[in-house]
Amino acid sequence: MRMLHTMLRVKDLDASLAFYLDTMGMKLLRKSENTEYQYTLAFVGYADESEQAVLELTYNWGENDYDMGTAYGHVAFAVDDIYAFCAQLEAKGADVYRKPGPVKGGQTVIAFVRDPDGYAIELIQPE
């Protein structure tokens, strides 16, 4: 078994795609529309779905307000040079709300950025 994807409901698919593709550097792997049930799916990732887990961005037509709840935490990505990557994110206008630095009580360097819908993304620099 292996993890396939995580689904995030998005308010504005174009804004989300711009963030994940242009700002985070992912690739659009596939996109489909279901006119009968009025939704669009976009799968994004750093490699093909056969190689690693990806994100499924779901846009429900006409339904754009979601309660994020308190149970959801974040999605995490490994980043080779977290300081340079966060500088690139900020240069593109991204909200890096937890600047790169060691995790509390440890040495692993992490940072957090928010996507256009407010979802938290943890960036982790492997040791």
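Keep in mind as you look that the model is predicted.

Let's start with the layout.

Now look at where the domains touch. On one side, 15 residues of domain 1 take part, and they're in contact with 14 residues of domain 2. How do you put a size on a meeting like that? For domain 1 and domain 2, the buried area comes to about 1200 Å², and carbon and sulfur atoms supply 70% of it. Over on the domain 1 side, three residues lose the most area to domain 2: F19, T23 and M24, which together make up 43% of what that side buries.

What about polar links? Five residue pairs are in polar contact between domain 1 and domain 2. Salt bridges are another story: the count across this interface is zero.

Which parts of domain 1 face its partner? Two elements each give two or more residues to the touching side: strand 1 (5-9) and helix 1 (13-23). Helix 1 has the largest share, with six residues. Sort the domain 1 side by class and you get nine nonpolar residues, plus three polar and three charged ones.

Key: Residues numbered from 1 in each chain as written. Predicted model: local features only at pLDDT ≥ 70, side-chain atom pairs only at ≥ 80, totals over all residues. Heavy atoms only, no water. Contact = heavy atoms within 4.5 Å. Buried area = accessible area lost by both parts, 1.4 Å probe. Salt bridge = Lys/Arg side-chain N within 4 Å of Asp/Glu carboxyl O. Polar contact = N/O pair within 3.5 Å; in protein donor to acceptor, adjacent residues only side chain to side chain. Helix = DSSP H or I, 4+ residues; strand = E, 2+ residues; numbered from the N terminus. Nonpolar A, V, L, I, M, F, W, Y, C, P; charged D, E, K, R; others polar.
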